[in-house]
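Visitor: I am new to this structure. Could you show me how to read its features, one at a time?

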Amino acid sequence: MTDLAAEYDVIVLGTGPGGEGAAMQAVKHGKSVAVIEREPAVGGSCTHRGTIPSKTLRYSIFQMTSVNSNVLFREHGITANFMIPDLRRRAKSVIEAQVKMRTTFYDRNDVPIVRGQARFLDPHTIEAVEADGSRSVLHGKYVVIATGARPYRPPELDFNHPRIFDSDTILDVDFHIKSITVFGAGVIGCEYASMFRNLEIKVNLVNNRDRLLEFLDEEIVDALSYHLRERGVIIRHREELDHVEPMDDGVVMHLKSGKQLKTDILLWAAGRTGNTDNLGLEVTGIIPDKRGNIPVDENLRTTVPHIFAAGDVIGPPALASAAYNQGRYAANEILKALGCGDECRLPPSLDIPAGIYTSPEISSLGKTERELTEAKVPYEVGHAHFKSIARAQITGQTVGMLKLLFHRETMEILGIHCFGANASEIIHIGQAIMSQPRPHNSLMYFINTTFNYPTMAEAYRVAALNGYNRLF
């Protein structure tokens with residue numbers, strides 16, 4: 001056993017976005033910080049199994065389909081065809097670059113990375129046990145749990161079978177496939193359904209709910225459903241699993257409706273489980289829910305006052321961007337408790353846009369029409385369809401729209417919903433305005449501001465004028 005320090009101000013469990021955000025926020029304000037990481041490299045699931053590899057794969061597929069749809073290239077016999085292992089090699093180089101960069105963050109700020117599985121010995125004492133049995137013990141005034149999550153694996157499914165995958169293993173497919181069933185139509189399921197269909201693989205997308213992505217604005221979800229179906233994805237709503245029959249040459253999914261879906265592989269994308277089962281939380285009094293998620297209050301504090309949690313381990317929205325800001329927010333609460341001064345009085349924002357990398361992609365911030373209607377808020381809608389935006393016409397990416405929801409009387413922007421190419425980039429212009437207090441948060445900003453032409457940003461002016469004209 002090695003006692004690394006009598007006491008740290010903050011101990012952070014995990015080096016994914018949530019852990020990194022917490023550690024950097026605390027150390028930048030002069031607090032002593034240590035992080036514990038059980039994996040050989042920093043970055044968490046986001047870097048190694050989730051966001052970075054899947055989004056790199058998505059971009060590679062986009063480039064491939066762009067080449068194959070180009071008339072000039074086709075006339076000269078130029079095509080691009082890759083299998084998933086080929087695309088995975090590109091992801092590996094990005095992952096290595098991310099790990100190198102993020103490791104330097106800890107090195108530059110003198111934050112020790114303690115290797116091993118973290119486990120509470122008491123509410124302030126944590127041990128880290130490595131694979132060889134070596135053990136380190138750390139004492140902390142405060143703790144931030146940012147251990148992330150993993151795909152939920154129902155016990156009746158054999159994930160060791162070579163035809164059954166989850167989102168952590170799907171990019172390890174090393175054989176040619178012509179068809180796939182994706183069970184679960186949440187963010188991960190919809191993203192992979194889009195990617196595989198863009199590889200000309202037949203896709204069954206099985207959903208146990210009435211609609212895709214029910215937390216999104218209904219008009220945006222309808223647009224996504226239409227374009228997935230137009231591309232050839234078979235979407236099956238309101239279905240329940242009976243059992244899965246793995247075979248040597250594929251998988252048959254038996255549904256309670258009586259349907260039998262046979263495809264080359266199955267991707268199970270139905271839910272996540274918080275990584276809390278080996279943390280020894282019983283000695284702290286913290287009780288995770290049935291999916292392993294840690295309950296927190298509005299300040300990300302657990303039931304134990306000096307222990308906070310951030311990122312996927314607390315459940316939705318389970319986005320890398322959200323996790324990073326949650327980590328910073330939790331650290332900010334700790335800094336206030338430790339007396340950091342006025343510089344910690346303004347916490348990082350937890351008003352976080354959703355970014356969903358389907359094809360086309362989706363980004364959303366603020367209220368939906370349903371929420372505003374149920375709250376009886378007098379709102380109006382402004383649309384800008386990309387097919388009418390000059391920049392979209394130039395690039396040929398005319399599918400999609402920008403939708404603004406605003407208060408009829410105050411003109412305050414209440415919600416922004418974007419569907420189409422670069423939606424996750426476009427959303428940030430509106431986010432900057434929505435974050436301002438009234439009267440600066442106003443539809444009139446977009447009407448009175450000059451946007452470069454031709455740009456996709458111009459969609460804000462078009463949508464604002466469209467909505468403004470509905471008022472009279």
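Visitor: Let me start with a strand pairing. Which residue in E7 does Thr125 stand opposite?

Guide: Here is the general idea. Strands of a sheet pair through backbone hydrogen bonds, either parallel or antiparallel. In this predicted model, Thr125 stands opposite His139 in E7.

Visitor: How many residues lie between E6 and E7 in their hairpin?

Guide: There are 5 residues between them. Look at Gly133 in the turn: its phi is positive, about 95°.

Visitor: What about the other neighbour, E5? How many bridges join it to E6?

Guide: Strand E5 (residues 117-122) is joined to E6 by 5 bridges, and the two run antiparallel. This is a hairpin too, with E5 linked to E6 through 2 residues. Asp122 has Thr125 of E6 as its bridge partner.

Visitor: Is E6 enclosed or open to the outside?

Guide: Count its buried residues. In E6, 4 of the 5 residues are buried, so the strand is largely enclosed by the rest of the structure.

Visitor: Now a single residue of that strand. Is Glu127 buried or exposed?

Guide: Glu127 lies in strand E6 (residues 125-129). Buried means under 20% relative accessible area. Glu127 has 10%, so it is buried.

Visitor: Which residues is Glu127 in contact with, leaving aside its neighbours within four places in sequence?

Guide: Gln117, Ala118, Arg119 and Leu121 are among them. Arg135, Ser136 and Val137 are also in contact with Glu127.

Visitor: Let me compare with a helix residue. Is Met101 buried, partly exposed or exposed?

Guide: Met101 sits in helix H5 (residues 84-108). Its relative accessibility is 34%, so Met101 counts as partly exposed. Sequence distance is another thing to check. Met101 and Val42 are 59 residues apart in sequence, yet their C-alpha atoms are 9.8 Å apart in space.

Visitor: Next, helix packing. At what angle do H1 and H8 cross?

Guide: Follow the two axes. Helix H1 (residues 17-27) and helix H8 (residues 320-337) cross at roughly 35°, with their axes coming within 7 Å. The crossing is right-handed. On the H1 side, the contact includes Pro17, Gly18 and Ala22. On the H8 side, Ala323, Tyr324 and Gly327 are among the residues.

Visitor: How do the residues of that contact divide?

Guide: They divide into 8 nonpolar, 5 polar and 2 charged.

Visitor: Now a whole sheet. What is the order of the strands in the open sheet of 5?

Guide: Read across the sheet: E19-E20-E23-E22-E21, with antiparallel pairing. The edges are strand E19 (354-356) and strand E21 (379-385), each pairing on one side only. From one strand to the next, the twist averages 10°.

Visitor: How many bridges pair E19 with E20?

Guide: E19 and strand E20 (residues 362-366) pair over 3 bridges, in the antiparallel sense. Ile356 has Ile362 in E20 as its bridge partner.

Visitor: Which helix packs on the sheet?

Guide: Helix H7 (residues 218-231) does, touching E20, E21, strand E22 (400-407) and strand E23 (413-420). The direction of H7 makes about 5° with that of E23.

Visitor: Finally, confidence. What pLDDT does the protein chain average?

Guide: The average is 91, and 93% of the residues score at least 70. Treat residues 1-5 separately: their pLDDT is below 50. Beyond near neighbours in sequence, that stretch has 12 contacts in the model.

Note on methods. Residues are numbered from 1 along each chain as its sequence is written. This is a predicted model: local features need pLDDT of at least 70, side-chain atom pairs count only at pLDDT 80 or more; totals for chains, interfaces and linings use all residues. Side-chain values use heavy atoms; hydrogens and water are left out. Buried means under 20% relative accessible area, exposed over 50%, partly exposed in between (1.4 Å probe, protein chains only). Contact means heavy atoms within 4.5 Å. Axes are lines fitted to C-alpha atoms, for helices over the stretch in contact, and angles run from 0 to 180 degrees between N-to-C directions. A crossing is left-handed if the near helix is turned anticlockwise from the far one by less than a right angle, and right-handed if clockwise. Ala, Val, Leu, Ile, Met, Phe, Trp, Tyr, Cys and Pro count as nonpolar, Asp, Glu, Lys and Arg as charged, and the others, Gly among them, as polar. Two strands pair if DSSP finds at least two bridges between them. pLDDT is the predictor's confidence in each residue, from 0 to 100.
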